[in-house]
Amino acid sequence: MKQKTLTLLPINRRQWLCSASALGLLVSQGGHAQTSGSAKAASGSAIASVAQIVDMSPEQQDVSRDLLVGTRAAWQDFNAKGGLRGRPVQHVALETDGSQAALVAAWKTVRADANCVALAGCAGNSVALGLLDLQRKAGSDNPLAHVAPWLQSADVVLDDATFPVFADRHAQIEHAVTALSVAGVREVGVVYASRAAQTGNRAELERISQGLKLQLQTIPTANTVEQTAQTLGPKTPSMLLFIGGTPELAQFLQGIKKQGGQRFVVALADVNLQTLAQLGSMGRNASVVVTQAVPMVNAGLPVVRAYRDALARYYDEAPTPLGLAGFIAARYTAQVLASLDTAPTRQNVLAAFQRRNTMDVGGFQVQYDKNKRSGYFVTQSMLASDGRVVG
């Protein structure tokens, strides 16, 4: 698969989200591939390529774009500092429209590229699940290492080619509930952004809540999340768990503004807190806590400092947790590639990841357990009713 190298100019995230040309990158028949402009930063041709398949549908683009920017910044920084033994690693991004047909086409494109040695940082959750299924069906037919996907579903059996490093939904909910247990919270209302979200997540959440001895009250899903918010009453728990993305949560908060009662909303890592703050949808009667599967973006860890430095160098953007996740996914992949004694191939890269060695990625620990998962790190940030981000 021959790709033209594109030089990435500094870009403002808000402009990117609103840009018609950016939205035009979506290809319904398959993935639209772009290579990172950093390939020219190290001498010689690329030693190998690492692919990232991302869902750029309206429901997922807020998650995927930040992850993609963080990943691109990481590979640009890696190659600018010499790459892999003096040669660059090519980062190939394939953007899809969220359909199954587009995912299959992108996956086939990656598999047909003999230079591609791994998938890394693929997003969002539906893409990660879809790739897990596609790889499982392909079996031993030249498998690719599937590294650090944005795999939020907890109820999934992992194969020997998938290497999650970010906390799943179960870990996020457990952290959120544990943090509030000192206040005696044992009953939580669950708000689904759509009926599809309810169908896809309700069984999993019920299993999680049983294990945590948490009582759930499902809020009936109306035609819109704003209408759902307006159905909340005095018997509705004050603590609400929101299952959905940033745009839907913004609409839900608009609905809360129009009715009384103080609400405390807990959202999961798919919500972009920075975008939510920019939208100005908060009212005085609501606070929002968002779980994060990465350290705070203002932390002093080496990987966080490297992310902020690279982001400032290559992009005109503020750091975000999702961007940091993309950066960590690429850094972890690069460290495993650097551990090889020979040039990377699809086979020896997969074997290196399958050893599941404990690795320190600039202070972010990757340490797999018997369930083949490493991601249990969770933090929280709060968007207060006055719009301040705390933590």
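**Close-up views of helix packing, sheet and local backbone**

**View 1. Helices α11 and α12 are roughly perpendicular to each other.** The model is a predicted one, in which local features need pLDDT of at least 70 and side-chain atom pairs count only at pLDDT 80 or more, whereas totals for chains, interfaces and linings use all residues. Residues are numbered from 1 along each chain as its sequence is written, and side-chain values use heavy atoms, with hydrogens and water left out. The axes of α11 (residues 302-314) and α12 (residues 321-338) come within 10 Å and cross at roughly 110°; angles of 65 to 115 degrees count as roughly perpendicular, those under 35 as roughly parallel, those over 145 as roughly antiparallel and the rest as oblique. Axes are lines fitted to C-alpha atoms, for helices over the stretch in contact, and angles run from 0 to 180 degrees between N-to-C directions. Helices (H or I, at least four residues) and strands (E, at least two) are DSSP runs numbered from the N terminus. On the α11 side the contact (heavy atoms within 4.5 Å) is made by Val303, Val304, Ala306, Tyr307 and Ala310, and on the α12 side by Gly323, Leu324, Phe327, Ile328 and Arg331. By class, this contact of α11 with α12 has eight nonpolar, one polar and one charged residues, where Ala, Val, Leu, Ile, Met, Phe, Trp, Tyr, Cys and Pro count as nonpolar, Asp, Glu, Lys and Arg as charged, and the others, Gly among them, as polar.

**View 2. Helix α12 also packs with α13 (residues 346-354), at an angle of about 110°.** Their axes are 10 Å apart, and α12 and α13 are therefore roughly perpendicular to each other. Tyr332, Thr333, Val336 and Leu337 of α12 meet Val349, Ala352 and Phe353 of α13, a contact with six nonpolar, one polar and no charged residues.

**View 3. Seven strands form an open sheet of mixed pairing, in the order β8-β7-β9-β10-β11-β14-β15.** Two strands pair if DSSP finds at least two bridges between them, and the edge strands, β8 and β15 (389-390), each pair on one side only. Strand β7 (residues 187-192) runs parallel to β8 (residues 215-218) and is joined to β8 by four bridges, with Val188 standing opposite Leu216 of β8. Four bridges likewise join the parallel strands β9 (residues 239-243) and β10 (residues 263-267), where Phe242 has Ala267 of β10 as its bridge partner.

**View 4. Strand β7, helix α7 (residues 195-211) and strand β8 make a right-handed β-α-β unit.** A crossover is right-handed if, with the strands pointing away from the viewer, the path from the first strand over the helix to the second runs clockwise. Helix α7 lies across β7, β8 and β9, and runs at about 160° to β7.

**View 5. Trp75 and Phe78 form an edge-to-face aromatic pair.** Their rings lie 5.7 Å centre to centre, with 85° between the planes; rings of Phe, Tyr and Trp (its six-membered ring) pair if their centres lie within 6.5 Å, and planes under 30 degrees apart count as stacked, over 60 as edge-to-face and the rest as tilted. Because Trp75 and Phe78 are three residues apart in helix α3 (residues 61-80), they are separated by about one helical turn.

**View 6. The peptide bond from Ala123 to Gly124 is cis, with omega near 0°.** Gly124 is placed in the loop between β4 (116-120) and α5 (125-138). In the loop between α13 and β12 (359-361) lies Arg356, which has a positive phi of about 50° although it is not a glycine.
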